[in-house]
Amino acid sequence: MSAVFDAFSMVASFEVLVAILISAVYGMVIGALPGLTATMAIALLVPVTFYLSPIAAVATIITSSAMAIFSGDIPGCLMRIPGTPASAAYTDESYALTRKGQAELALGASLWFSALGGIAGTVALMILAPALAEMALSFSTFEYFWLSFLGLMCATLVARSSPIKAIAAALLGLLVACVGIENPGGVPRFTFGLTDLLGGIEPLPALVGVFAVSEIMRAMINAPPPPIPERKLGSILGGQWALTRRYPKQMWRGNIIGVLIGALPGAGADMAAWVAYATSKRFSKEPEKFGTGHPEGLVESGAANNSALAGGWVPALLFGIPGDTITAIAIGVLYMKGLNPGPTLFTEKASSMYALYIVFLLANVLMIPLGILMIRVSKQVLRAPRSVAMPLILLLCAVGAFAIGNNPFAIVLVAVFGVIGFMMERNGYPVAALVLGIVMGTMVEQNFVTSLIKSDGDLLPFFERPVSSVLATMTIAALLWPAIVWLLRRLRPAEAAR
Amino acid sequence: MHLSDRVTGLFLVLLGALAFWGGSRLPAVPGQDIGPASFPMMIGAGLVLCGGLIALGIGRSFEVEDPPEATAVPGLAGRLGRMGWLAAFLPPALLIFYVVAAESLGFLLTAAVVLLVCARALGASWRLTIALTLIGPFGVHLAFSELLRVPLPDGLLAAPW
């Protein structure tokens, strides 16, 4: 019990509370601007976290990501342009509501069910994580190898592109992680004689490049969003209680889908929203109303993308395997702040864990008043010209990357990964898989090599332990799944044509 | 810039082959079968396989095509016309410029150049661009150098604080 009190006193400090408030406003604004994603917001935040205490640092990440995922709904609803990819699934639906003159209902539903979804996701995290930690304590390198490999495979399964391209992207990420001397032999690998590459390629410059610079590159060749139309908004939370009473099943289903997809490595809020919207339509009593301004799908997917955020922290905290691109960045910050992910985090740093739960809850409660405020001023924020925001972000990419290690080479990496991310996105290669490969490469290799040395080169022990055999089956199933789907489609052409 | 699957697939085959070859030349750990070479060689082989499949067009049926964008783009891309895609490579070029110039020109001047070029290329008006160029570098310098203690280079023009 004293750990809970400790946690409260940690969160109640002036620094943490100010950090939460500022990062909440920051997340709201970045999320609302089209083209600036939640992941980008977090990547640009990392240099700032260096100077904060551990709890404050993680609190800024939790708060700003939650706010950004919600506020991405605002331009989606008002202008039919999703602020973040996580809102894309139901942008048409909420814009249809706006066209019917019910913008406040759509925005209110986004806000209300985002906050409830975030809280539900946090509760799931609080229940799931300690239970899984118990299990994780008995894991050996064999299990960790399969788990990280499975994570990579999941990222390729859920990508909305060709699974082969997704696997190729993940392999590319693993190859990037090979660079440096941190390998079983301690020899310089793929460093091409550059001393800057000896330490390997840090995930952070790569992330900033892939998520921020490539976005600026896209802005260069795409037209800016049209100006926002004038509109008076009525009461925002007015109709929400009625919606909650009317669609409780949808809300809970959305929450559960969100947590599960969030916990899957590599799949985050955007995927959760797509799946929840599709599920909602599939099981709805009135599927014909979907797309015409019907709040049902909004309830389910709005809840799902915010609960996915908390779900993403489950594998991140337990195994150091990112549940989504946001936690991929967060893991780096956790290590830097001495909160090394792993099952022992729950026993040795219990008060810090409780503090994180409190931050999660606080962020989602704070979301409601701040969200209302944001919706009210959204017209002014959305008027901020892209031609001012993007250059500033480019400058922040440079300064932020430099700040990580006071090394200008990091800026070169940011530029290179910007080009890589841009080219990959253009040609249908999912960048999330690349990022996961970079973040998890060392872990996959270490566990693979250690396991092979333990088994003296024998592959059989990889399948012998009960948990590892289950994980191995799942991984191989995930690897073969696209082939099975393809075969099924061939066998049932009528189904595919539908 | 959109390339065909054949081009990107063959590029991956080449990269995979290079990774495999480069990996195989790494020194082994004495007395161990598994060393630093194993992992890159596995990845290289995987990339060759995936690249080959992509080049052959397998797995295309899973892809969701993005609708093409036809609206006119302001700024640099619009002026370049058919070569508009080149504008996309301006941001990374500006980053490289920053790396090269920051030490001698100093942060404030370099940042001003980056902001000026980028804002104009995105089609900002001169009034907006000049305001951004005058205020932006000082704001970023204040936040990073003063608050976060990042050692930004002074160069020709040091910050007044």
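Analyst: **The second largest pocket**

The second largest pocket holds about 1000 Å³ of space. Its lining counts 36 residues, and A:L172, A:L175, A:I420, B:F11 and B:L15 are the closest to its centre. A pocket here is an open set of points on a 1 Å grid over the protein atoms alone, where a 1.4 Å probe fits, with protein on both sides within 12 Å along at least five of seven lines; lining residues have an atom within 4 Å of a point. Please keep in mind that this is a predicted model: local features need pLDDT of at least 70, side-chain atom pairs count only at pLDDT 80 or more, and totals for chains, interfaces and linings use all residues. Residues are numbered from 1 along each chain as its sequence is written, chains are lettered from A and ligands numbered from 1 in the order in which they are written, and side-chain values use heavy atoms, with hydrogens and water left out.

Helices α9 (163-178) and α19 (409-426) of chain A, along with α1 (5-24) of chain B, each give at least two residues to this lining; helices are DSSP runs of H or I, at least four residues, numbered from the N terminus. By class, 31 lining residues are nonpolar, 4 polar and 1 charged, where Asp, Glu, Lys and Arg count as charged, Ala, Val, Leu, Ile, Met, Phe, Trp, Tyr, Cys and Pro as nonpolar, and the others, Gly among them, as polar.

Turning to the two chains, the side chains of B:D5 and A:K165 form a salt bridge at 2.7 Å, N to O. The term means a side-chain nitrogen of Lys or Arg within 4 Å of a carboxyl oxygen of Asp or Glu, and the interface of chain A and chain B has 1 by this rule.

Methods. Grid points are joined across faces, edges and corners, and a volume is the space filled by probe spheres set on the points.
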